[in-house]
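This report describes one protein model, section by section. Please look at the sequence and the structure before reading on.

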Amino acid sequence: MTVYIDPPTWPGHGRMWSHLVSDVSFEELHAFAASIGCPPRAFERDHYDVPEARYEDAVRAGAREVGSKEIVRRITDAGLRRPKGRPAPGSPGLPR
């Protein structure tokens, strides 16, 4: 299992956040996130938002530390990128 996390440099709600992704599948990502205690509500389209206080927990559990550009490149290359405003593959009205 390989998941990736970028540094906690994204501000929001009075905290700094990281993004946790998989370049294999959403199933792998959800399983890893659950194993480190990320709530399902932290999932946003193609990644989990991880607060700075939980960053080291993710790394200790096996998440590879990469930069933000690498996060986007990996999920785009894997076909898992879901930008805002674009429905997920298999959504109604899109080919499966």
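## Aspartate 49

Where is the place of aspartate 49? Aspartate 49 lies in strand 5. Helices (H or I, at least four residues) and strands (E, at least two) are DSSP runs, numbered from the N terminus. The model is predicted: local features need pLDDT of at least 70, side-chain atom pairs count only at pLDDT 80 or more, and totals for chains, interfaces and linings use all residues. Residues are numbered from 1 along each chain as its sequence is written, and side-chain values use heavy atoms, with hydrogens and water left out.

The side chain of aspartate 49 makes a polar contact of 3.0 Å with the side chain of histidine 47. A polar contact is a pair of N or O atoms within 3.5 Å; within protein, one must be able to donate a hydrogen and the other to accept it, and residues adjacent in sequence count only if both atoms are side-chain atoms. When neighbours within four places in sequence are left aside, aspartate 49 is in contact (heavy atoms within 4.5 Å) with Trp17, Ser18, His19, Ala42 and Glu44. From aspartate 49 to valine 21 the C-alpha to C-alpha distance is 9.4 Å, and the two are 28 residues apart in sequence.

## The chain as a whole

The protein chain has three helices and six strands. From the N terminus on, their order is β-β-β-α-β-β-α-β-α. Among contacts in the chain with a separation of 6 or more, 56% are between residues 24 or more positions apart.

The chain has 96 residues, of which 40% count as buried. Buried means under 20% relative accessible area, exposed over 50%, and partly exposed in between (1.4 Å probe, protein chains only). The chain exposes about 5,800 Å², with 55% of that supplied by carbon and sulfur atoms. Accessible areas come from the Shrake-Rupley method with a 1.4 Å probe; for residues, only the protein chains shown count as cover.

## Helix 1

Which residues of helix 1 are buried? In this helix, residues 26–35, they are Phe26, Glu28, Leu29, Phe32 and Ala33. Seen down the axis of helix 1, these buried residues fall within an arc of 155 degrees, so they line one face of the helix. The arc is that of the directions from the helix axis to the C-beta atoms. Glu27, Ala34 and Ser35 are exposed, on the face turned away from the buried side. The cover over the buried residues of helix 1 includes strand 1 (3–5), strand 3 (15–22), strand 4 (43–44), strand 5 (47–51) and helix 2 (52–60).

At the start of helix 1, a side-chain oxygen of serine 25 comes to within 3.4 Å of the backbone nitrogen of glutamate 27. Just after the helix, glycine 37 has a positive phi of about 85 degrees.

## Aromatic pairs

The structure holds two aromatic pairs. Phenylalanine 26 and phenylalanine 43 form an edge-to-face pair, 5.9 Å centre to centre, with 80 degrees between the planes. This pair links distant parts of the chain, with phenylalanine 26 in helix 1 and phenylalanine 43 in strand 4, 17 residues apart. Phenylalanine 43 and tyrosine 48 form a tilted pair, 5.2 Å centre to centre, with 55 degrees between the planes. Rings of Phe, Tyr and Trp (its six-membered ring) pair if their centres lie within 6.5 Å; planes under 30 degrees apart count as stacked, over 60 as edge-to-face and the rest as tilted.

Ring pairs link Phe26, Phe43 and Tyr48 into a cluster. Phenylalanine 26 counts as buried because its relative accessibility is 13%. Tyrosine 48, at 4%, also counts as buried, whereas phenylalanine 43 is partly exposed at 23%.

## Helix 3 and arginine 74

Helix 3 spans residues 68–77 and contains arginine 74. The buried residues of helix 3 are Ile71, Arg74 and Ile75. They cover an arc of only 90 degrees around the axis, which puts them on the same side of helix 3. On the other side, Lys69 and Asp77 are exposed. Strand 1, strand 3 and strand 6 (64–65) are among the elements that cover the buried residues of helix 3. Glycine 79 follows the helix and has a positive phi, near 75 degrees.

Why does arginine 74 count as buried? Its relative accessibility is 17%. The side chain of arginine 74 makes a polar contact of 3.1 Å with the side chain of aspartate 23. Apart from neighbours within four places in sequence, arginine 74 is in contact with Tyr4, Asp23 and Arg64.
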